[in-house]
Structure formats: C-alpha cells, structure tokens
Amino acid sequence: MDMDTQELKHYVNGEFTSSSTHFPNTNPVDGTEIGRVWEADQATVDRAVAAARQALEGEWGKMSQAGRCALLHNVAEGIEARFDEFVAAEMADTGKSLIQASTIDIPRGAANFRIFADMAMSQGGECFQSPTPDGSGALNYSINKPLGVVAVISPWNLPLLLLTWKLAPALAAGNTVIAKPSEETPSTATLLAEVMHDAGVPAGVFNLVHGFGPGSAGEFLTTHPDIDAITFTGESRTGSAIMRAAAEGVKPLSFELGGKNAAIVFDDADFEAAVAGVARSVFTNGGQVCLCTERVYVHASLFDRFVAALKEQALSLKVGWPSEPDTDMGPLISFEHRDKVLSYYRLAREEGANVITGGGVPHFGDARDKGAWVEPTILTGLPESARCVREEVFGPICHIAPFDTEEEAVAMANDSRYGLAAVLWTRDLSRAHRLAHRMDAGIVWVNSWYLRDLRTPFGGTKLSGIGREGGRHSLAFYSEPTNICIKL
Ligand SMILES: O=C(O)C(=O)/C=C/C=C/O
C-alpha cells in the first residue's frame, strides 16, 4: 500500500472495493493528509454481512479446525513478512513511537493469531459419565459450534493489536467476521486484509468495512439483523449505544471499555522500580491505553519524594518524531482527542489542582506545531470528588494523592465507576495477595504493568466492560456449546 497516495478500500467477499463517499486519513504528527478512506454505506455493509453468512454456510463452515488454524498461522507469518509496512502504517495513522509500534503493536498482531490457533487446537470439550435410575448410565458430552457471523468494532489506540485480539479467536472458533476499525486508524486493518487474502483465507471469512459510528458503518453493522454477535473495545458510552442496538435481537456482547485505573505505592515498595513502573503505566502510548494509570496513591511517607521523582521521569520523556528510535511519546490520535485532553488540563486548574509538570502543549518550532501534541502532565492536590480524578481522560496525565493506611488506599482506589486494571507496588507479598483480592478490577498487576500472558482472563467490571477476552475466555465467547446426552 503506497502511503503517499493512500486509498483505503473495503474488503468484501474477497475483493477490495470502494463505495460512494470517502474521508481523509490524517497523520496527527503534523496534521498532514496521508490519503483517503472509502466510507461504507448500508449497501456495502449488507454485502459484507451476506458474504460472511455465505462463507459460514460454505467452505469455512465445512473446513476442519486444523485447516482453519493452519490458515491463521499463515496469517501470522504474513504479518511478519510485511512487518516494516505494518509498523509504518500504524505509525502514520497514530503518530505512535517506533518503539511502541515495533515492540508491542505489530508483534502482538502475529502473536494473537498464533495463541488462538494453538489454543483452539489443544482445548477439548467436556464429558461426564452420568448415573441413571435404571443403572445403565449415560454419557454427557459437549461440542462447540461457532456463534456465526460476528461484528468486530475495534479502537484507534492499539489498532492492529486490538483488531486481531478479537478477529483471531473468532476465526479460530469457526466464525466469520465483518470488522470495522476506527475511522482514525484504517491502514493496518487494510494491510491485514491483503495478508489474509494472500494467506488463502476464503472469500467472505474476513470482511473489512471502513467508516464512522453513528449514521455510518458502525451503526449499519451493529444494528444489522443478520449479525449473530458483537465484540467492541472503546469508550463506555459507545458500548451503551451498541447494547441498545443489540437488545432487539438479544445478541451476545463482548465489551472491553474505559477505565480510571489506580496504582498504589506502599511505603515498602522498591522506590526506583515503582517510579519507573508508574511512569510507564501513565505515559505509554501517550496514556492512550485502557490499562493506563490515571490515579496514583502513594504512602504519605514517600509522597513528596515520589512526586519529585515522577516529575523527573515526565521531564525526561522524549516527546518527539515517532520515527526516531529513542522517542518515548508521540502526539495524541487526533485534534478532537487532543482538545478533549486539553479541556481536562484546563478543568484541573479550575478544580484547584497543583500542576506539577505539563498541563499544556509542547512547542517544537517545526511542522509538529501543526500536530495533535500535549505535554505529559502530573497533578496533585485535588479531592477524590474532582472530575479529573473520576473521569477517564485517556491522555498522558495522572493525579497523585497521599494515603496513610491500606484501608484508605484500597477504598480510594475502588471508589470508581470503572473497574479495569490496578497496580500494587509493595515488597510485602502477603499484602500484595491480600489487597489484590480486594481490588474492584478485572486485572491486578503487582510490581509490574502490562505484563501480558495471552491465556489469562482480560477485561473489566462495572463501566469497564462485559465479559473477558484471552485464552479460553475468548474461545468460549465465540462458541455455542451443545450438550449431548447419550443413554447407554
Ligand atoms: O494487551 C491486550 O491484550 C489488550 O487487550 C490491551 C488492551 C488495551 C486497551 O486499550
């Protein structure tokens, strides 16, 4: 795909097609238009859903699990064969750093296909030898069938990673898919369609439609009567809208939504590790990861020292050209999102925060001044009731507050409408286990952050989502078990 005169098409029934209207694709580093993207209309979405249904009832539905999983391994190899193209495309859409794209985003694209191909091949079903009144006994065993035609709506923060995190298990479980990536990040999804086409995935198994949410491809897809399930990662309020759309047809939903994640640093923590780890969990990808920390609670005895040390970390971040190998942080995804984050920077001051560092826009004196950049920001001094402490900003910002007792720290960390991830920094492993059990979160890291084993349950409670992804949890969502009882 030529990035200069990029024209991104849909991929429907094994063919790349355009539609009636298109929209620009913008690089947030300097605001330049890097191409145009076709916007799917209702007819395009209808054709994609029909193609998926036909494939499900045709070649793909008849293919063995071993055949399907071998194709998924081919796709993983295809991603790696075009690794540099995927890295360039991801960076062009998002402005994320070379480090982030080349060590996290794109490697996970291939890893997601491999983990679910392997897990699908290795997991069996259930079988029970059951007693019967006449003593002859019975066998109860279950088989897993695919859900059917699945709509995948994926976000702009980790575009290839999160698209494949849903697509791979859906296909491994025998479903067919129509994917709608964020309008902000169409490029790697389109490259993936090329890779899947070349890997021999049959027409209609994977379909890709570009566009927006309401009144566009997202709405046409999630309200389509012939969709059997919907999986979505993104903002909680969009999740609510999709739930309403799915209610009529009682569609199964898998949601990984927002967060307002807390990190707690205890007085016995490895101080240097905690400072570095919190800096990473706050500023990675410009804070644009659902798992990022936006609330930090530090034992009072360490508070001043920790604030100063985290400020030093923030000031040492290289905020620069994404392609430079030592760049830590690029711009935010778009001007719209930049304006949202800056509105919280202003709100923080209105709510009385101490702005320890940041709170504005960096000045570069070059083309980047036309991009969607913000400064890494650290706040203190706000009450727990402040909007900046309660609402998800989804930017490179955190608020640090002191605590005296474990009870106080856990109570503050859990006092949120979200419940996705929490991080505990302590050398006392009894305390680590005890408090990890008490966190209202789907994921708790101790003395680490974003260490990922793809077999583990991944997801959140409350406003952070519905269900779990990862390993057998993903395969279970994308399957319909049938229990069969045989009287012996
Ligand atoms: O690392 C993962 O598997 C994952 O799902 C990350 C999600 C981040 C959302 O913003």
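1. What radius of gyration would a compact globule with 488 residues have, and what does the protein have? The rule for a compact globule gives a value near 23 Å. The protein has 23 Å, so the two agree. Note that this is a predicted model.

2. Overall dimensions come next. The C-alpha trace spans about 70 × 65 × 40 Å along its principal axes. The secondary structure consists of 16 helices and 23 strands.

3. Now burial and surface. Of the 488 residues, 59% are buried. The accessible surface of the protein is about 18,900 Å². Carbon and sulfur atoms hold 53% of that surface.

4. On contact order: take the contacts in the protein with a separation of 6 or more. Residues 24 or more positions apart supply 74% of them.

5. Which residues surround the ligand? The shell consists of R108, N157, L158, L161, L162, W165, E256, V289, C290, Y450, R452 and F458. By class, the shell has 8 nonpolar residues, 1 polar residue and 3 charged residues. Helix 6, residues 159-172, contributes the largest share, with 3 residues.

6. A backbone N or O atom of C290 is 2.6 Å from a ligand oxygen. For R452, a polar side-chain atom sits 2.8 Å from an oxygen atom of the ligand. In W165, an N or O atom of the side chain is 3.3 Å from a ligand oxygen. How much of the ligand's accessible area does the protein cover? On its own the ligand has 310 Å², and the protein covers 99% of this.

7. Q6 belongs to strand 1, residues 6-8. Is Q6 buried or exposed? Its relative accessible area is 2%, under the 20% cut-off, so Q6 counts as buried. The Q6 side chain has polar partners. One is the side chain of S187, at 2.8 Å. Another is the side chain of N25, at 2.9 Å.

8. F283 is placed in helix 10, which covers residues 271-283. Its relative accessibility is 3%, and therefore F283 counts as buried. Which residues does F283 touch, leaving out those up to four places away in sequence? They are A314, L317, M329, P376, T377, I378, P396 and I397. P325 gives a distance check: F283 and P325 are 42 residues apart in sequence, and their C-alpha atoms are 17 Å apart in space.

9. E57 is the exposed case. E57 lies in helix 1, residues 42-57. Why does E57 count as exposed? Its relative accessible area is 57%, and exposed means over 50%.

10. To recap for a quick check in the viewer. Start at the ligand, with C290 at 2.6 Å through its backbone and R452 at 2.8 Å through its side chain. Then go to Q6, with its polar contacts to S187 and N25. Finish with buried F283 and exposed E57.

Definitions and conventions:
Residues are numbered from 1 along each chain as its sequence is written. This is a predicted model: local features need pLDDT of at least 70, side-chain atom pairs count only at pLDDT 80 or more; totals for chains, interfaces and linings use all residues. Side-chain values use heavy atoms; hydrogens and water are left out. A residue is near a molecule or strand if one of its heavy atoms lies within 4 Å of it. A polar contact is a pair of N or O atoms within 3.5 Å; within protein, one must be able to donate a hydrogen and the other to accept it, and residues adjacent in sequence count only if both atoms are side-chain atoms. Accessible areas come from the Shrake-Rupley method with a 1.4 Å probe; for residues, only the protein chains shown count as cover. Helices (H or I, at least four residues) and strands (E, at least two) are DSSP runs, numbered from the N terminus. Ala, Val, Leu, Ile, Met, Phe, Trp, Tyr, Cys and Pro count as nonpolar, Asp, Glu, Lys and Arg as charged, and the others, Gly among them, as polar. The radius of gyration is taken over C-alpha atoms; the globule rule is 2.2 Å times the number of residues to the power 0.38. Buried means under 20% relative accessible area, exposed over 50%, partly exposed in between (1.4 Å probe, protein chains only). Contact means heavy atoms within 4.5 Å.
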